[in-house]
Amino acid sequence: MGTEINNHVGTVPLARENTENPSDAVGNGGAITVNTRLLEISDQARITANSYSQGNSGDITLNTDNIVVNGGAIAGLILEGTGNTGNVTVNNTDSIILNEGSNIQAQVLNGGSGNVGDVTINTRNLAINKRFSFILADNASAGN
């Protein structure tokens with residue numbers, strides 16, 4: 001598995017003593033901001049701001065010249081819990097390339113409830129290559 005930058009509210013189900021019990025954390029996630037010339041994400045690495053409990057996930061802001069994602073994710077999610085996703089903003093001066101099942105997303109899913117934030121991408125060039133790579137702002141549960 002790849003490296004992760006996470007800012008989560010609650011505990012990931014697989015890390016809980018009993019995976020069937022929900023996380024009981026309450027609070028809001030903070031923001032993640034990355035400023036770099038080149039950002040490479042690969043091998044299932046992720047930058048995530050998620051909520052598995054009660055609270056909003058934080059915003060993710062990437063200020064870069066180039067981004068290459070090979071089988072990784074940039075995501076703000078509400079999973080199981082109640083809250084709103086943060087916004088995912090990518091300010092990129094040159095190019096963004098998504099390969100091999102990569103994604104940039106804000107989503108409510110897995111029985112969570114809340115509103116989905118915006119996914120905003122400012123770039124000169126965008127390439128989405130290979131199957132299953134995508135950009136998404138979606139609510140697959142309850143909320144807007």
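In which strand is the place of Gln107? Please go on from there to the surroundings.

Modeller: This is a predicted model, and Gln107 has its place in strand β8, which covers residues 103–109. Gln107 counts as buried because its relative accessibility is 11%, and the cut-off for buried is under 20%. Beyond its neighbours within four places in sequence, Gln107 is in contact with Gly76, Leu77, Ile78, Thr85, Val116, Leu136, Asp138 and Ala140.

Next, the sheet. Strand β8 belongs to an open sheet of 5 strands with parallel pairing, in the order β1-β4-β6-β8-β11. The edges are taken by β1 (4–6) and β11 (134–139); each has a single partner strand, so one side of each has no neighbour in the sheet. On average, neighbouring strands of this sheet are turned by 15 degrees against each other, direction ignored. Strand β6 (residues 73–79) runs parallel to β8 and is joined to it by 7 bridges. Within this pair, Ala75 stands opposite Gln105 of β8.

Then the nonpolar cores. The largest one has 21 residues, and Ile41, Ile47, Ile60, Leu62, Ile67 and Ile74 have the most contacts inside it. Both β6 and β8 are among the elements that give two or more residues to this core. Apart from this core lies another, of 5 residues, including Ala75, Leu77, Leu79 and Leu109. Of these, Leu77 is also a contact of Gln107, and Ala75 is the residue opposite Gln105.

Terms used
Residues are numbered from 1 along each chain as its sequence is written. This is a predicted model: local features need pLDDT of at least 70, side-chain atom pairs count only at pLDDT 80 or more; totals for chains, interfaces and linings use all residues. Side-chain values use heavy atoms; hydrogens and water are left out. Helices (H or I, at least four residues) and strands (E, at least two) are DSSP runs, numbered from the N terminus. Buried means under 20% relative accessible area, exposed over 50%, partly exposed in between (1.4 Å probe, protein chains only). Contact means heavy atoms within 4.5 Å. Two strands pair if DSSP finds at least two bridges between them. Axes are lines fitted to C-alpha atoms, for helices over the stretch in contact, and angles run from 0 to 180 degrees between N-to-C directions. A nonpolar core is a set of buried Ala, Val, Leu, Ile, Met, Phe, Trp, Tyr and Cys residues joined through side-chain atoms within 4.5 Å.
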